[in-house]
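Please open the structure in your viewer and keep the selection tool at hand. The stops below say what to select next and what is there.

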Amino acid sequence: MTYQPTTISNDLTTLPKLPGWVTSSRPETLEPVAFRSGAALTVLDQLVSVPRYGVPVRLLANRLALRAATATSKLEGRLAREADIRDAYHLTPPGEARGPDGELLGFWREAVHVRTRGAGEIAELVGADFASEVGVWINVGLECVWSHGPLAGCVAVLRAVLEVDDRAERVACLLSDIVLAWSLNWKVVLPVSAQRLAKTLLRDLTASGQEAELAIQVRILESIEETVRLARDLARRAEALRAVAPKLRAKGSDAAVGLFLTEDAVSPASMLSPRIRGTSISMTDRAARRFCDRLVELGVARELPGRPTFRLYGIAP
């Protein structure tokens, strides 16, 4: 992978943003939720689909995958912290078991990159117990999308999965995200459904009617709004990183910058050294650490909190 500068809007204030009325008050019925979600999804669609806005979409998707893993951990009763989940995935040596936290993040990272029209890949990801039902559940969601809108489709697929197995929260949330991606023709799956859900809400969804559906649609709408803000923020951070790229003199610096624009966490010991991931470009361990420290000095990267004996870096706020 070689970093290539991207031409984006010179004025980041021109990035699409949410109208004030979208977040001005809490919707009390399904109709206002559908109306507001249409506006929010239009903004998000522009941010992730129009290259000139400079949103690092793969970085956004991987950031959302970490958030979804943290939320799903709570839904499944493990309550792992975000930093612990990130460390379990990124700092486990190759060939060793990542444990439940690392595997959960691995699930969501695979979900992000699964081809959005690949039913076979989706079935493989959710496992043999649910593989035969995947197509049926997705169709349930899509039919509801066409008649009642994207968030109604998300709720429909959540309900369909949980009525079969009320412990299949991650599968339900994944298929909800896939229905959303399909309905908007996105090239990637953005994990937004799980972020603000609670176990009690999902339990109520299969036991009651419109009140639970409204509550869940509101939570997903809030997650979409937060994703819009995150996308705008990452566009600004990415532009700052691209701006300092010409100052970096290290061999392979363009490729290393490209890695920071796609990965939520970068380990100099395993992702930059001995070769920059995705390339044939070599970089010594010392050079990798110096490169990351230089990005920190320039204010475009930061060291992520985690295990004291290992270092992870990410694009700076």
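What volume does the largest cavity have? The largest cavity comes to about 40 Å³, where a cavity is a set of points, on a 1 Å grid over the protein atoms alone, at which a 1.4 Å probe fits but cannot get out, and where points are joined across faces, edges and corners and the volume is the space filled by probe spheres set on them. This is a predicted model, in which local features need pLDDT of at least 70 and side-chain atom pairs count only at pLDDT 80 or more, while totals for chains, interfaces and linings use all residues. Residues are numbered from 1 along each chain as its sequence is written, and side-chain values use heavy atoms, with hydrogens and water left out.

**First stop: the cavity**

Select Asn62, Ala65, Leu66, Arg86, His90, Leu105, Arg109 and Asp264, which line the largest cavity; a lining residue has an atom within 4 Å of a point. Helix H2 contributes the most to this lining, with three residues, and H2, H3 and H4 each supply at least two (helices are DSSP runs of H or I, at least four residues long, numbered from the N terminus).

**Second stop: helix H3**

Now select residues 82–90, which form helix H3, where seven of the nine residues are buried, a word that stands for under 20% relative accessible area with a 1.4 Å probe and protein chains only. The buried residues are Ala83, Ile85, Arg86, Asp87, Ala88, Tyr89 and His90, and they pack against helix H2 (57–75), helix H4 (99–113) and helix H13 (268–272).

A pocket is an open set of points with protein on both sides within 12 Å along at least five of seven lines. H13 gives the largest share of the lining, four residues, and H3, H13 and helix H14 (285–297) each supply at least two.

**Last stop: leucine 214**

Finally, select leucine 214 in helix H11 (residues 210–244), which is buried, with a relative accessible area of 16%. Beyond its neighbours within four places in sequence, leucine 214 is in contact (heavy atoms within 4.5 Å) with Glu28, Thr29, Leu30 and Val33. The C-alpha atoms of leucine 214 and threonine 29 are separated by 6.7 Å, although the two residues are 185 residues apart along the chain.

Key
Buried < 20%, exposed > 50% of the residue type's maximum accessible area, 1.4 Å probe, protein only.
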